[in-house]
Amino acid sequence: MSKKLKYLVWHCTATPEGRFVGPDDIIRWHKAKPPQGRGWDRVGYSKLVMLDGTIHSFVDENGDDIVDPWEVTYGVAGINSISRHYCYVGGLDKDTFQPKDTRTPEQLISMRFLTKVFLLKYLHLDVEVKGHYHFAKKACPCFDVEDWLKKEKEIDHLIKLIGETQFRGLDNAG
Ligand SMILES: [Zn+2]
């Protein structure tokens, strides 16, 4: 029996800053037989956010409250049946190959969009946005997810304030 969706988990490709990675690369890494790939029957993520912000969907989502068997991706063993896994391209410093937040401005916009859509769509479920590191001893996705969400909330709050100020201005004018 399928369980209700619980997590959006962010990942990175763990590739150097600025290096192009496309959907075909992910498919090869995950589905090709070893040693070329992991030999999985599917990819590890539902969506990929490329360097230019393009969002590629590997797996369609039918929008209901459960992760149907065909919607399951292999991002984190143990929680895949209650999770969506999204991935952005990057995550490593280009010189040292150490974990680094390499998200481009375009990726940030797409990631913000995808995260908000997820939270709004599943508001009625008790969903949470996490990073891979919450579930495994890993740096992935190489940025502080809580900190990012907090900043996003502050931006939302500012936008709301600006909106309210403008509406007040309109009221006064009327
Ligand atoms: Zn990961």
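This is a predicted model: local features need pLDDT of at least 70, side-chain atom pairs count only at pLDDT 80 or more; totals for chains, interfaces and linings use all residues.
Residues are numbered from 1 along each chain as its sequence is written.

Let me begin with the overall picture. The C-alpha trace spans about 70 × 45 × 25 Å along its principal axes. The protein has three helices and seven strands; helices (H or I, at least four residues) and strands (E, at least two) are DSSP runs, numbered from the N terminus. Read from the N terminus, the order of elements is β-β-α-β-β-β-β-α-β-α.

Of the 174 residues, 28% count as buried. A residue is buried if 20 or more other C-beta atoms lie within 10 Å of its own, exposed if 12 or fewer, and partly exposed in between, with C-beta atoms placed from the backbone. As for contacts, two residues are in contact if their C-beta atoms, placed from the backbone, lie within 7 Å. Among contacts with a separation of 6 or more, residues 24 or more positions apart account for 66%.

I turn now to the sheet. Strands of a sheet pair through backbone hydrogen bonds, either parallel or antiparallel. Here, two strands are said to pair if DSSP finds at least two bridges between them. Five strands form an open sheet in the order β4-β3-β5-β1-β7, with mixed pairing. The edge strands, each pairing on one side only, are β4 (55-57) and β7 (128-131). On average, neighbouring strands of this sheet are turned by 25° against each other, direction ignored; the axes behind such angles are lines fitted to C-alpha atoms, for helices over the stretch in contact, and angles run from 0 to 180 degrees between N-to-C directions.

Which strands does β1 pair with? Strand β1 (residues 7-12) runs parallel to β5 (residues 83-88), joined by six bridges, and W10 has Y86 as its bridge partner in β5. β1 also pairs with β7 in the parallel sense, over four bridges, and there Y7 stands opposite E128. Because six of the six residues of β1 are buried, this strand is largely enclosed by the rest of the structure. Y7, V9 and H11 point one way from β1, whereas L8, W10 and C12 point the other way.

Finally, some backbone details. Most residues other than glycine have a negative phi, and most peptide bonds are trans. A cis peptide bond joins P34 and P35, with omega about 5°; P35 lies in the loop between α1 (23-31) and β3 (47-49). Another cis peptide bond joins C140 and P141, with omega about 10°, and P141 is found in the loop between β7 and α3 (145-173).

In that loop between β7 and α3 we also find C142, which has a positive phi of about 70° although it is not a glycine. F97 likewise is not a glycine, yet has a positive phi of about 60°; F97 sits in the loop between β6 (91-92) and α2 (105-121). Are these two residues buried or exposed? F97 is exposed, with 12 other C-beta atoms within 10 Å, whereas C142 counts as buried, with 24 C-beta neighbours inside 10 Å.
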